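Please work through the exercises below with the sequence and the coordinates at hand. Each task is followed by a solution in steps.

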Amino acid sequence: MSYRISPLWWPVLALFSPILLPYLLVKNIRFRKNLQKSLEVNRERIEGAETLELPQLDHFELTVLVEHKTSPGFLGSPGVSYFIKTEQGSLLFDIGFGKETPALSENAGKLGFTIKDANALLISHLHPDHMGGFKAVRKMHITLPEEMGAASGQPCFMPGEADAEGFRAELVTKPRLLVAGIASTGPLVRSLFLMGWTEEQAIVARLKDKGLVVFTGCGHPTIETILQMVRQISDEPIYAVGGGLHFPITDSPFKKLGIKAQMIWGTGKPPWQRLTDEDLTRTIENLNAVAPRHVLLSAHDTCDHAIDRFRNELEAEVDVLKAGGTYVL
Ligand SMILES: [Zn+2]
Ligand SMILES: [Zn+2]
């Protein structure tokens, strides 16, 4: 079993345990309370959601600007940024670590992408690997790398309060159509031990003669909860599911200073518990019950072991998203 925190840290943890243990105890009380509340909030939001008139699209094309896995010649980063085009317009979905890693500006440059190409920006949730880095989270302020050009007042659809330089920030509070024939599920919630109450929105589009395409950011509310909301929005079959599903079981794509960060935070469990193969088995079974034709996995929050299991055990055609790749559904 691999260590999530390098043994080099253990004496430090032991030294600080008189502070750390009461801190974890208080955190755990809040986490448990939020856990109960999050289940109720999600249930209310799903039951209260109305059917959306989703336009039928002929074309849905997703180009990956940032991902952990890469096509040759592109830079990897454990964040997410996808540029989506339909015949009705375009949407930039998340901006990875933004300026904090070179991946977004370098890859966008290589693909000839500037922000002028997008009708809107959507931020799935306010975590550093999606909203543009740790500084962006600290200041709740979204900025693009200069190389991508300046935004010119396009909407930026967000699941929480933050501002976005050059964009018109719009808070999304429930399922609604956005741009390019693409809708948001509206925010759904997950109680996370270290990161707290987390609101995350996913996107949905309807492809003619095929069904619904659903893309997530980190997938914190769980894909099961997200798909329950999608079922409420539309009774079309689910054709494709893509994005992060958050299964860092044996490894963490984001590591720093000997700490496998994603195996500790963002799991929906206390830090002394791990995500397990049993958790993954449940999700694979639930996805197979929904029976999408395509699953396009993000490796930015999921380990290779989980990716292999998804590949082998899902009945869908499975792809792993790579920076620089274009996927037409
Ligand atoms: Zn993420
Ligand atoms: Zn996240």
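Predicted model: local features only at pLDDT ≥ 70, side-chain atom pairs only at ≥ 80, totals over all residues.

**Exercise 1. Overall fold**

Solution. 
- Step 1. The secondary structure comprises 8 helices and 21 strands.
- Step 2. Along the principal axes, the C-alpha atoms occupy a box of roughly 60 × 45 × 35 Å.
- Step 3. Of the 329 residues, 57% are buried.
- Step 4. Among contacts between residues at least 6 apart in sequence, 67% connect residues at least 24 apart.

**Exercise 2. The zinc ion (ligand 1)**

Identify the donors of the zinc ion (ligand 1) and classify the geometry of its site.

Solution. 
- Step 1. The angles among the 4 donor atoms run from 98 to 126 degrees. Four donors count as tetrahedral if all angles lie between 85 and 135 degrees, and the site of the zinc ion (ligand 1) is accordingly tetrahedral. For reference, the ideal angle for four tetrahedral donors is 109.5 degrees.
- Step 2. Along the chain, the donors have the spacing D-H-x87-C-x81-H.
- Step 3. Distant parts of the chain are linked here: Asp 129 lies in helix α4 and His 300 in the loop between β19 and α8, 171 residues apart. Asp 129 and His 300 are both buried.

**Exercise 3. The zinc ion (ligand 2)**

Classify the site of the zinc ion (ligand 2) and state which residue coordinates both zinc ions.

Solution. 
- Step 1. The donors are His 125 (NE2), His 127 (ND1), Cys 218 (SG) and His 220 (NE2), at 2.1 to 2.5 Å.
- Step 2. The 4 donor atoms span angles of 92 to 170 degrees, and the site is irregular.
- Step 3. The donor spacing along the chain reads H-x1-H-x90-C-x1-H.
- Step 4. Cys 218 coordinates both zinc ions, which are 3.9 Å apart.
- Step 5. His 125, in the loop between β5 (121-122) and α4 (128-131), and His 220, in the loop between β15 (211-216) and α6 (223-233), are 95 residues apart. Both of these histidines, His 125 and His 220, are buried.

**Exercise 4. Nonpolar cores**

Which residues have the most contacts inside the largest nonpolar core?

Solution. 
- Step 1. The largest core contains 36 residues, and Phe 247, Leu 287 and Phe 310 have the most contacts inside it.
- Step 2. Elements giving two or more residues to this core include α6, β16 (238-243), α7 (277-290) and α8 (304-313). The largest share, 6 residues, is that of α6.
- Step 3. Leaving aside residues up to four places away in sequence, Leu 287 touches Ile 223, Leu 227, Val 241, Leu 245, Pro 292, Phe 310 and Leu 314.
- Step 4. A second, separate core of 29 residues includes Val 80, Leu 207, Tyr 239 and Leu 321.

**Exercise 5. Strand β12**

Why is strand β12 largely enclosed, and how many bridges join β12 to β13?

Solution. 
- Step 1. Strand β12 (residues 188-192) is largely enclosed by the rest of the structure because 4 of its 5 residues are buried.
- Step 2. Strands β12 and β13 (residues 196-200) run antiparallel and are joined by 5 bridges.
- Step 3. Leu 192 has Gly 196 in β13 as its bridge partner.
- Step 4. With 3 residues between them, β12 and β13 form a hairpin.

Conventions: Residues numbered from 1 in each chain as written. Chains lettered and ligands numbered in written order. Heavy atoms only, no water. Donors = N, O, S within 2.8 Å, 3.2 Å for Na, K, Ca; no water. Tetrahedral: all angles 85-135°; square planar, octahedral: opposite > 155°, others 65-115°. Buried < 20%, exposed > 50% of the residue type's maximum accessible area, 1.4 Å probe, protein only. Core = buried A, V, L, I, M, F, W, Y, C linked by side-chain atoms within 4.5 Å. Contact = heavy atoms within 4.5 Å. Pairing = 2+ DSSP bridges.
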